[in-house]
Amino acid sequence: MNAPEQVDPVQFTDYYGRPVLKVTRWKSPHMPGYLFLGGLSGAASTMAAAAEATGRPRLARQGRLTAAVAAVGGAGLLVAELGRPERFLNMLRVFKPSSPMSVGSWILAAHGGVTTAAAASTVTGVAPRAGRAAVAVSAVTGPLVATYTGVLLADTAVPAWHAAHRHLPPLFAGSALAAAGGAAMVMVPVAAAGPARRAALLGALAELAVTASLERGQGFGEEPRLVSEPYRIGRAGTLLRAARLLAVAGAAGTALAAGRHRAAAVAAGAALLAGSACTRFGVYHAGVLAGRDPKYTVVPQRARPRVQESRPG
Amino acid sequence: MTYDPARSSGYPDPPQRVGFFTDTSICIGCKACEVACKEWNGLPADGPLPEDASVLELTGMSYDNTGALGASTWRHVAFVEKQNDAGGLNWLMASDVCKHCTHAACLDVCPTGALFRTEFSSVVVQQDVCNGCAYCVSACPYGVIDRREGDGRAWKCTLCYDRLRGGLEPACAKACPTDSIQFGPLDELRERADQRLARLHSDGVTEARLYGEDPADGVGGAGAFFLLLDEPETYGLPPDPVATTRDLPAMWRWAAGAALGLAGGVAVAFLGARGRGR
Ligand code: SF4
Ligand code: SF4
C-alpha cells in the first residue's frame, strides 16, 4: 500500500534502475546551510536598512550584525563546498549572465562586502556615514542574495528543482524573512522588536503558502504529482513536515505571545529560524532523490507531446 | 544556414562542426572505445571505492561492469537484455558519450569559464580553471559530466581536442572495429544517418530511430547523436533532454518578483509610528 504522499507505481523503462542524471554533487550541510545563511543574511540586511530609515537603532544594530555573520558563514560554506577550495576566486574570473552561480557570486561578493563594512562600523564606531551608506546598499543586495538561490537550484536538470522554478524564489524569500524576523525576536527586547515580529509573520505565512503549493506540484508541467513527489516522501518529506510545524508554531507564538513575554519571543523566534533551516534542507534533499530515481526524469519527459509523436512503428 | 555554435561563440572563421554518429545497430559490445579513450586520455580507473581506484566492481547486471559515464569514463558501452514481443531476447549494445550539445547546459552554467566551446563546436573543460563547484554536474540533462573524487575538478569527454588539433580523429572512433562510432563533419554524419535509418526501415527494422539528431530538440541538437533500436530510456538516456538555461529569463523574473516582495514585506513590517519603542 502506498502512503498518500506517494504516487501509484508508474510504468516506465530504465537501464537497470540506474539514474539518468548525476545525483547532485552539492553536499549537505554545505549547500542547504548556505541557502539558509544566505537567506538570513539577505533579509536581515534589508531589515537593518528599514530599521535605520525609520529610526530604530536596536533593530538596526542587530540586523547589521546578523547580516554580516550569516554572510561570512554562508560564503565559508560555499568555499568548503568546492572541489578545489583554493580556487574560489575563479568565481570572479568572469561575469556570465547565463550562469546563476556566476551572477550569484558577484551579488554575494558585493553583499558580503557591504554587510561586513556596516557591521564593522557598528562595532567599532568608526566611519558611521560609510556604515549607513553600506546598509543602504545592502537593502538592494539583500533581497537579491535571498532569492537568486532559487534560480541557482531551478536552472538544473533536476526535475523537482527545475519544475519548481516559480516556487523556489518566493519560497526562499519568505523563508529568509521568517528567519531574519525570528533572529531579531531572539536578540532584541520585546518593546523594540515590533517590526521584526510583523516581518517574521509575513515571512512564515509566505513560506507556508508556497510550500503547500510546491508539495502539490502546482504549475509543475507534465506529471506534476510525480515530479513533486520528492517533496512529500523520504527525508525531504520529513524535513518539510517539520518545517511546517515549526513555522506554524513560530507564527502562532509571534502573533499571540511574543509581544508580551521575552521568553515567548525567544522561543517563537528560534522556531522560525529552525523552520527556515528545515525548509532549505528539505528542498535540497528533494533534489537528491529526484536525481537518483530515473522515473522522475523519464516519465515526465515521456509525457511530452514531442516525444509521443516521435515514437516509431 | 544552420546555427553554428563555434561561430556564435566568437570564432570568426571556424572549421566545420564535427561530431559523432554512433550507430548502435552494428555495435558488438567489444568496449574497444572505452579502452582507447582511457588509454589516450590517461584516465584513472573508477571502481566503487573512491579511496582505492584499483578495486574493481562487477555490477552483476550484465556484461556492463562500467555502469555509467563519469569523471573518469568518457565512453560507456551499455548492454541491454530485454524480452521482446516474440518471446525472444533483444541484446542491445550502445556506446554512450558526451553529446557536445548545441546548447550545452554545462557550459551555460559554469561560473568560472572553465567550460568553453572549441573551434570545432565541441565542449571542453579547462582543468587549470575549474574549481569544482559542480554546477555543471547538476545542469547536464544526460548525466554526463562529473566531479572526480580526490581530484575535485569536473571531467568529461573532450572530443579528443588534442587529437583534433593535430588532425586526428578521436581515439574511440579510431578504435571502433565495426565503425559503429563514426566521426566527421556533423552535416555529413546526419546525411549518412538518414540513409542508414531508411535502409534499416526498408529492411523491416522498424524499431530503429535516431536520437539527438534534431536541431529542434531541447539542446538544439547533439554534436554526438545515435541510431538506437529501442526507446532512449532503455539505454539510460533521457527521452526529451532540455538545456534548462532556455528558461532562465522566466526564472530571473520570478526571482526579481520575489526580491521585490521581500523588500516590500520588510517595508510593510516597518511602517507605523516612527521610532516607536526603541
Ligand atoms: S551532454 Fe552534458 S556534459 Fe556534454 S555538452 Fe551536453 S550538457 Fe555538457
Ligand atoms: S565544476 Fe568546474 S567545469 Fe563544472 S561548472 Fe564548476 S567550474 Fe565549471
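Reply: A salt bridge is a side-chain nitrogen of Lys or Arg within 4 Å of a carboxyl oxygen of Asp or Glu. Please note also that this is a predicted model.

Me: What is the N to O distance at which the side chains of B:Asp151 and A:Arg84 meet?

Reply: Side chains of opposite charge can pair when their charged atoms come close. The cut-off for such a pair is 4 Å. The side chains of A:Arg84 and B:Asp151 form a salt bridge, with an N to O distance of 3.5 Å.

Me: Where in chain B is the partner of A:Arg304 in the pair that crosses between chains?

Reply: A:Arg304 forms a salt bridge with B:Asp240, at 2.9 Å from N to O. On the side of chain A, the loop between helix H11 (295-302) and helix H12 (305-309) holds A:Arg304.

Me: How many salt bridges does the rule find across the interface of chain A and chain B?

Reply: Over all chains, a search of the whole structure gives 19 salt bridges. Across the interface of chain A and chain B, the number is 8.

Me: Which three residues supply more of the area that chain A buries against chain B than any other three?

Reply: The size of an interface is often given as the accessible area lost when the parts come together. Chain A and chain B bury about 6700 Å² between them, and 57% of this lies on carbon and sulfur atoms. Of the area that chain A buries against chain B, 13% comes from three residues, more than from any other three: A:Tyr15, A:Lys22 and A:Arg25.

Me: Why is one side of strand E8 and of strand E9 of chain B left without a neighbour in the sheet?

Reply: The open sheet has 4 strands with mixed pairing, in the order E8-E1-E10-E9 (chain B). Strand E8 (181-185) and strand E9 (209-211) therefore have one side without a neighbour, because each stands at an edge with a single partner strand.

Me: What is the bridge partner of B:Arg209 in E10(B)?

Reply: Strands of a sheet pair through backbone hydrogen bonds, either parallel or antiparallel. E9(B) and strand E10 (residues 224-228) of chain B run antiparallel and are joined by 3 bridges. In E10(B), the bridge partner of B:Arg209 is B:Leu228.

Me: Which residue in the turn of the hairpin of E2(B) and E3(B) has a positive phi?

Reply: Strand E2 (residues 75-83) and strand E3 (residues 89-97) of chain B run antiparallel, with 9 bridges between them. Within this pair, B:Glu81 stands opposite B:Trp91. The hairpin leaves 5 residues between the strands, and the residue in the turn with a positive phi, about 90 degrees, is B:Gly87.

Me: How many charged residues does the shell around ligand 1 have?

Reply: Ligand 1 is surrounded by 13 residues, and the closest are B:Cys98, B:Lys99, B:Cys101, B:Cys106 and B:Cys140. The shell around ligand 1 has 10 nonpolar residues and 1 polar residue, and its charged residues number 2.

Me: How many nonpolar residues are in the shell around ligand 2?

Reply: Residues around ligand 2 include B:Cys110, B:Pro111, B:Thr112 and B:Asn131. The shell around ligand 2 has no charged residues and 3 polar residues, while the number of nonpolar residues is 9.

Me: What is the omega of the cis peptide bond that joins A:Ser28 and A:Pro29?

Reply: A:Pro29 is in the segment before helix H1 (30-53) of chain A. The bond that joins A:Pro29 to A:Ser28 is a cis peptide bond, and its omega is about 10 degrees.

Methods: Residues are numbered from 1 along each chain as its sequence is written. Chains are lettered from A and ligands numbered from 1 in the order in which they are written. This is a predicted model: local features need pLDDT of at least 70, side-chain atom pairs count only at pLDDT 80 or more; totals for chains, interfaces and linings use all residues. Side-chain values use heavy atoms; hydrogens and water are left out. A residue is near a molecule or strand if one of its heavy atoms lies within 4 Å of it. Ala, Val, Leu, Ile, Met, Phe, Trp, Tyr, Cys and Pro count as nonpolar, Asp, Glu, Lys and Arg as charged, and the others, Gly among them, as polar. Two strands pair if DSSP finds at least two bridges between them. Helices (H or I, at least four residues) and strands (E, at least two) are DSSP runs, numbered from the N terminus. Buried area is the accessible area (1.4 Å probe) that two parts lose on being put together, summed over both.
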